[in-house]
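Please open the structure in your viewer and keep the selection panel at hand. The tour below goes from stop to stop, saying at each one what to select and what is there.

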Amino acid sequence: MTDPITLDGFFLPPPIKVSTFTKLEFGPVQIRLPVLTATTLSDVINQLLAAQEQYLSKQPTTAILELIDAAVARWLKPDDPVREMAELVLPNITGLSPAMIRLGLTRTLEGYRKDALYRILRQELGDAHLLDEFRPKKENPTCLTRAVGPRITTNILAGNIPGLGIADLIATLLVKSACICKVSSHEPFSAALFAQTLVQIEPRMAYCLAVLGWAGGRPEAKSLEEVAFDRSELVTVTGTDEAVEAVRRAVAHRQPVSGRFIGYGHRVSLGLIGREALDNLKSVAQAAALDVAMYDQQGCLSPHLFYVETGGSHFPRQFAKALAQELNRLEHELPRGPLDTPTASKLHQIRSVAEIKQADGEEVVVFGSETGTLWTVIYEADPAFVLSPLYRTVRVKPIDDLMHVPPLLESWRPYLQAVGIVVAETRRLRLAEALGRTGASRICPVGRMQQPPAGWPQDGKRFIADRVRWVDLEAS
Amino acid sequence: MFQSSLLPCFAVLAYNTGMMNKEASRIYQEVLGFIRHPVEDGFGSLALRVFAFQFERNPSYRRYCKSKNKTTATVASWREVPAVPTAAFKELELACGRPEKVFLTSGTSQGPAKRGRHSVPRLDIYRASVLPNFTAHLLPDLVELRMLILTGSPALWPHSSLAHMMEVVRQEYGGPDSAYYIKDTGLDIEGLFRSVAEACEQNKPVMLAGITLAFHQLLEYCRERRTAFRLPPGSRIMDTGGFKGRKIDLSQTELYRRYEAMLGIPQTHIVNEYGMTEMGSQFYDNVLADLLNGALDGRTLPRHKRVPPWVRTRVVDPETLEERPPGSTGMLRHYDLANCGSVMALQTEDIGHTVAGGFEITGRAAGTEARGCSLLVEEILRTQ
C-alpha cells in the first residue's frame, strides 16, 4: 500500500493562511480543504474585494476573455501538466473512467474559448462591451446604458459533473466580479485546479478568486454562510432541491432587499424518438447511447428513458436492442466507472425485477451487460414515466404518438429539463410547443443532450445577463 | 352425455389436486420438523427439496428460474438456487398455492403506489419459525414479562407481518397487561409513558418491543418532560430498526445510548430485530443471548445478527454475484426454509458482511445518490 497523494482542493488569495485542514478521501487521493473561521473568511472577502476594485473592475472585457481563454486552452491541451493532473485525479474523485473524464473535460471546456464567450456576451447583453463602458441604448440612443456585475459573488458548486463549477467561475470573472467558489464534497478539485492554472497566467486575476469548502447545513457552517451571504451581492447554488431552498432562505434572510440569488435544483431529462427516425436505427441508437453513457448518466441532462414511436420501419423493441448494442460498444470506448456496493445493488435489483417480469410473460425485455451492471436497457410496454437509477440504466417505452408523451410527464412538470428529440422537421415545432408547455426548458437533438451550447440558459436562467444589473444614464 | 364426459375430468383434477396437496403437506411437514429439531448438515438437502417444490408449484418463480437456465436438474446446491429480488414481490404473485394469509409491505419508503405482497400458505410454519428464534434471542432466561408493544395490533394492522409476529409472541410469552400502544390515532404516548412509570414503581421488568420510530417518540417525550426512567433489571428492548424513510439522522449507537440513558436498559438488553414482510424468519442481535447463555462468562461478542439453523445468509458481490469473503461488503441474500410456501431464496436490498456466527448490516441499496442537480429518486417520490 502506497500512501495517498494529498492535493489541495482550495485556493486562497495571499496573504491569507490557514493552519487547520480536513481531508476528503478518494481512494489513492486525499483532497485537503481548509477549516475556516468566520474571521478568516471575512479576511478573504476583504482581500477579494480589494483585488476586484484595484484590478478586475478596471480590466476591459477583451483582456479578461484572453486570460480565461489561455487557462481554458491549457485544460484542452492533452500534454499540458494541468490537463494531465485533471485526468489523473478526477477519475478517483468522481468514479468516472479516465476516458469519460477526458471526453467530458474536452466537451465542457471547448465551449469556454474566447470566441464562444464573446458570442454569449453579445447575445445576452446585446453588446459585448457593455461591461466596460456606457453605450447608447439601441431603442433610445440618447440614453446610455451599461451593465455592472456584482463586486463579489458566492457560487455554491455541485459535484455531479466534473468541471461543471468552472463554468460558474468563468461567468463570475466575466462580469468582473470577485468570486468565492464553495466546492462540493463530491468534486472538490477542479475549481481549485482551475484557479491554480489562472495563477500561472495572471496572478492578479487569480487573486480575485477563492475556492474553499464547508459542510453545508451543519451548525459550524452557519457562521461561514452568514459571512459569505451577508457580503456577497450575488449567491448562486447548484444542488439538490433541499440545498437550493436552504440557501435561498438563508440569502433572503441575510439580504432582505438587495440580495440576489440564482438556484439550480433537481432536474429530469428524457428522449423522444419519432417513427420516421427509425429508418436510421443504428445512428439514432448510437446518439441515444452516447447521451446515456455521458458522465455515467449523472448529469441533470442525462435521459432517464426514451419513448419510441410505433409504426416506423422498426419496432421500439428493436430500438431497445440497438441501443443495448451501442451501449455495449461504448463500454469499450468509454467505460463506466466502478460503483459502490449500495449503488450496484440497486442496479442489480432493478434489472432482476425486470427479468422476473419478462420471464413471467409481461411485455418487458431486458438487455444487459453480460457481466455486472455496466449497462442495462429495459424495454417495457407500460407507458408511465419512471425514473432511472442511472449509471447507464435506461428504459425504452413504445408510444403510439409522441404527442401522447407530454400528458405522461404531467407530475414531473416542476423537474423537467431537457428533452432530446429525433423527429421530422415538419413535426418538430408542434412537439416542441407541447413539451415546452409541459415544463421542458431545453429541447435538443438526441446525441447532444450532454453537450449543451456553452452559456445555454439553464432552466431559463441566462449565463451572463442574470448576473448583472443595469445602469442607465439619461440625456442631460 | 355432456355430464358424463366432463365427470372424469373433474375426477382427474380432484385427484391431481389431492396429490399436489399431499406433496405440499409433506414438504411443509418436513420444514416444520427441521425448524423444531434442526439436524446438522440437514439444511442443504432439505433446501434442494424446497427448491424443487417451489420450482413446480410457483409458476412465476419457475419461469424466472428457467430464464436463468436453472432447473431442478441443473441446481446441485442450495447456493445455486436463483434468488428473487424482494422488490419483485411488488410486481408478481409469488406463492405455491392458495395463501392462508397475505402480508403487505407498508410501502413507506417508495410511496403508497406499490406494496409488496407475501402470500403465506401456512401460518403454522410462520409461527414455528418465529417462536424459537424469539425465545433464543429475547427470552433466553425464559421469564414471563409484561410486553409493551410499540406496533399496531393485528386488528389495526391486518396486513402487517410485524403485527402478526408480535401477536404470536404476545400470546405465547406475554405477561399480564401486555398491550399494543399504537392505536388508530397514532402512538398512545401518554399510556406508554404511564406504563413505563408503573413498571418502575412496581419494580417489575418489562419488554418494550416495536418500531424504532415509536421508541424515538418515547425518547423525545421523556426529554421534553425532563424524565429519565430506570426500568427494573431484566427489562429489555426489541426494536425493529430503521426510520423507514423519515429524516431522523441518528446512528444506531447514538439511539441505543439514548435508550440506555432514558430508560435505564443496558446495551446488552437492547436487541435489534431485522425482518421483512417477504421473509418468514427474522434475525436478532446476539447480545442478550450471549450474555444469558453464560458460555462467554458474562462477556458478549460485538453486536451482530444471528442466523437461525433453518436459514442461510450469503453476502454476494452485486457486480459478479460471487460470494464475498468474510468481512467484505456485499448484498445480503437469504435462504429461508420458513418461506417454503413462497420463495426460499431472497435477494434483499440490504448491504452487509459476514462475521463469525452471523452477519452485520451496514446499509441499504442506494436510491439514486443525491449528487448535484441529478435526481434523488426516493426523495422525489416522497414529495409527490
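This is a predicted model: local features need pLDDT of at least 70, side-chain atom pairs count only at pLDDT 80 or more; totals for chains, interfaces and linings use all residues.

## Two helices in chain B

Now widen the selection to the whole of helix H6 (residues 189–202) and helix H7 (residues 212–224) of chain B, whose axes come within 11 Å of each other and cross at roughly 75°. Because angles of 65 to 115 degrees count as roughly perpendicular, H6(B) is described as roughly perpendicular to H7(B).

## Where chain B touches chain A

Next, show both chains and select the contact between them, to which chain B gives 44 residues and chain A gives 46 residues. Together the two chains bury about 3800 Å², and 58% of that area is on carbon and sulfur atoms.

Across this interface of chain B and chain A there are five salt bridges; to view a salt bridge, select the side chains of Glu91(B) and Lys357(A), which meet at 3.1 Å, N to O. Between chain B and chain A, nine residue pairs are in polar contact, counting pairs in which both residues are at pLDDT 80 or more.

Staying on the side of chain B that touches chain A, colour the elements that give two or more residues to it, namely helix H3 (59–67), strand E1 (84–85), strand E13 (330–336), strand E14 (345–355) and helix H10 (377–383) of chain B. The largest share of this side comes from H10(B), with five residues. By class, the side of chain B that touches chain A holds 18 nonpolar, 14 polar and 12 charged residues.

## Stops within chain A

A search over all chains of the structure gives 53 salt bridges, and the next stop is a salt bridge inside chain A, where Arg329(A) pairs with Glu326(A) and the closest N and O atoms are 2.8 Å apart. Both Arg329(A) and Glu326(A) lie in helix H12 (residues 316–333) of chain A, where they are three residues apart, about one turn of the helix.

The last two stops concern the backbone. Most residues other than glycine have a negative phi, and most peptide bonds are trans.

- Select Pro14(A) and Pro15(A), where the peptide bond from the former to the latter is cis, with omega near 5°; Pro15(A) is placed in the loop between strand E1 (5–8) and strand E2 (21–26) of chain A.
- Select Lys176(A), which has a positive phi of about 65° although it is not a glycine; Lys176(A) is placed in the loop between helix H6 (164–174) and strand E7 (178–182) of chain A.

Conventions:
Residues are numbered from 1 along each chain as its sequence is written. Chains are lettered from A and ligands numbered from 1 in the order in which they are written. Side-chain values use heavy atoms; hydrogens and water are left out. Contact means heavy atoms within 4.5 Å. Buried area is the accessible area (1.4 Å probe) that two parts lose on being put together, summed over both. A salt bridge is a side-chain nitrogen of Lys or Arg within 4 Å of a carboxyl oxygen of Asp or Glu. A polar contact is a pair of N or O atoms within 3.5 Å; within protein, one must be able to donate a hydrogen and the other to accept it, and residues adjacent in sequence count only if both atoms are side-chain atoms. Helices (H or I, at least four residues) and strands (E, at least two) are DSSP runs, numbered from the N terminus. Ala, Val, Leu, Ile, Met, Phe, Trp, Tyr, Cys and Pro count as nonpolar, Asp, Glu, Lys and Arg as charged, and the others, Gly among them, as polar. Axes are lines fitted to C-alpha atoms, for helices over the stretch in contact, and angles run from 0 to 180 degrees between N-to-C directions. Angles under 35 degrees count as roughly parallel, over 145 as roughly antiparallel, 65 to 115 as roughly perpendicular and the rest as oblique.
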